[in-house]
Amino acid sequence: MNGTLLWVDDEIELLKAYVIFLEKKEYEVVTATNGQDALDLCQERTFDLIFLDEHMPGLSGLETLSRIKEINSTIPVVMVTKSEEENIMDQAIGSQIADYLIKPVNPNQIFLTLKKHLHKREIEIEVTNTGYQQNFSKIGMQINDSYTLEDWKEVYKRLVYWELQLSNTGSEMTEMLKMQKTEANNEFAKFVRKNYLHWVQDSDNRPIMSPDIFKKTIFPLLNQGEKVFLVVFDNFRYDQWCEISKELADDFIFDEQLCLSILPTATQYARNAIFSGLMPNQIAEMFPDLWVDEDEEEGKNLNEAPLIQTQFDRYRRKNTFSYFKLNNSSDSEKLVERFKNVMNNDLNVLVINFIDMLSHARTESRMVRELASDERAYRSITASWFHNSPVRELFQELAKTDAHIIITTDHGSIRVNNPIKVIGDKNTNTNLRYKLGKNLSYNPKQVYELKAPKAASLPSPNISTTYIFAQNDDFFAYPNNYNYYVNYYKNTFQHGGISMEEMLVPLVTMRSKRRK
């Protein structure tokens, strides 16, 4: 049986052919000739869909619709009407009809309506599964044939596209996609190991990396006399951007690309590099008062506004700018209240910490881990937060302006599953995706190691400092209390290492569709 239908029409005898047609398609069809009988039937049993005539004696179709919704607000009701009068259709749509048909209807219209409202999910799953199966081999070939960063960006975009498609339909093909994503991340790590030092050392010819964002995206706009808002979502993945962008699509035009986060893919390094326009060792050497070493207890991102100023000074720029860090709804509300004054600046920089706070809360709180159990749930919470946050109101205000809005992040994150043993002394940092120290013990085949940090433009607190980076979904675990440590951190979202999710991050330039 494909479903149970209720068809309400005072001329139901004239529709006998349609009833027979539906019964042959394996639907059970119950009929009623007036609104009251329809309401009685809805009280007695449950229907999958109702066809409801708009013009009937006694209770009208609209009155019957309203009362049906009181009995069962979720049941789809398809209004069948002879009239296309705008006010009638407005009332019907306002009363939450699922669809409407204009008499005389034909069997194909009816069947398509049933497909859309009763069988949409099965059709979507079937089509999505078929689409991914047809693309599986192409993606595999694309992974093997990726020789440039642009190639890898396309691989990652395609994998995220199918991840969103499959997760939205609840497809069983998601496991196959996970395997393909793991394969891609393994090959991406090899690509990064081969090219990273060259990128760091050739600032003129490399792809856009964290220190290049101001120089290559913001300064050119300021040179044209444009107002610019730079919005940095801390710990923001490309798939999360894809979800949030749905909220913004009605108001903004996007110029979307991916840029490359530096290593370590962590706030202290990547975000400070964005704001200073310098690699971490350059910050430490040129502005030691603004750089905080790993072993110091001071916050690692407290000097961001001064770092922006150093970059403006270095390029002899006279533009005015503001800096805001939004840690909670109150911060966002205050910024919205001050919005008109803020618009007087050439550049406004906003750092939004919610997603990073969510990531840490998910690690520390069992309840949050349940709420954000996997990537799909993680995206969903991010989208829900954005929809209900004052940050959304801020973007609505931005949509009324001529400003360019640049959205980016310092790094993304990856859900870790595979522990790797590492031994370090008491001064070794606590991050699970990268370690630095002078007495590290590890299997070099399992990590990307940098024994000469200066070559990667990283600070070297000691002469013998080594950096190591986890790859794919690996994370570092100490031998002491190993099982407890692994069980606690397994399946948490971490950052600092090498993966597409952490390193290939959104860099989106937006402008309002109302822009003059």
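Reply: With pairing. Two strands pair if DSSP finds at least two bridges between them. Keep in mind that this model is predicted. Here, strand 6 (residues 228-233) and strand 9 (residues 347-352) run parallel and are joined by 6 bridges. Within that pair, Val-228 stands opposite Leu-347 in strand 9.

Me: How do I read the whole sheet?

Reply: Strands of a sheet pair through backbone hydrogen bonds, either parallel or antiparallel. In this case 6 strands form an open sheet with mixed pairing, in the order 7-18-10-6-9-8. Strand 7 (252-260) and strand 8 (321-326) are the edges, each pairing on one side only. On average, neighbouring strands are turned by 15 degrees against each other, direction ignored.

Me: Which strands does helix 14 touch?

Reply: Helix 14 (residues 329-337) packs on the sheet and touches strand 8 and strand 9. Its direction makes about 150 degrees with that of strand 8.

Me: And the core?

Reply: In soluble globular proteins, nonpolar side chains tend to be buried together. The largest nonpolar core here has 108 residues; Tyr-196, Phe-214, Phe-395 and Ile-407 have the most contacts inside it. A second, separate core has 20 residues, including Leu-6 and Val-30.

Me: Is Glu-375 buried or exposed?

Reply: The cut-off for buried is under 20% relative accessible area. Glu-375 has 16% relative accessibility, so it counts as buried. Glu-375 is found in helix 18 (residues 375-388). Its side chain makes a polar contact with the side chain of Arg-415 at 2.7 Å. Leaving aside neighbours within four places in sequence, Glu-375 is in contact with Glu-163, Arg-237, Arg-415 and Phe-493.

Conventions
Residues are numbered from 1 along each chain as its sequence is written. This is a predicted model: local features need pLDDT of at least 70, side-chain atom pairs count only at pLDDT 80 or more; totals for chains, interfaces and linings use all residues. Side-chain values use heavy atoms; hydrogens and water are left out. Helices (H or I, at least four residues) and strands (E, at least two) are DSSP runs, numbered from the N terminus. Buried means under 20% relative accessible area, exposed over 50%, partly exposed in between (1.4 Å probe, protein chains only). A polar contact is a pair of N or O atoms within 3.5 Å; within protein, one must be able to donate a hydrogen and the other to accept it, and residues adjacent in sequence count only if both atoms are side-chain atoms. Contact means heavy atoms within 4.5 Å. A nonpolar core is a set of buried Ala, Val, Leu, Ile, Met, Phe, Trp, Tyr and Cys residues joined through side-chain atoms within 4.5 Å. Axes are lines fitted to C-alpha atoms, for helices over the stretch in contact, and angles run from 0 to 180 degrees between N-to-C directions.
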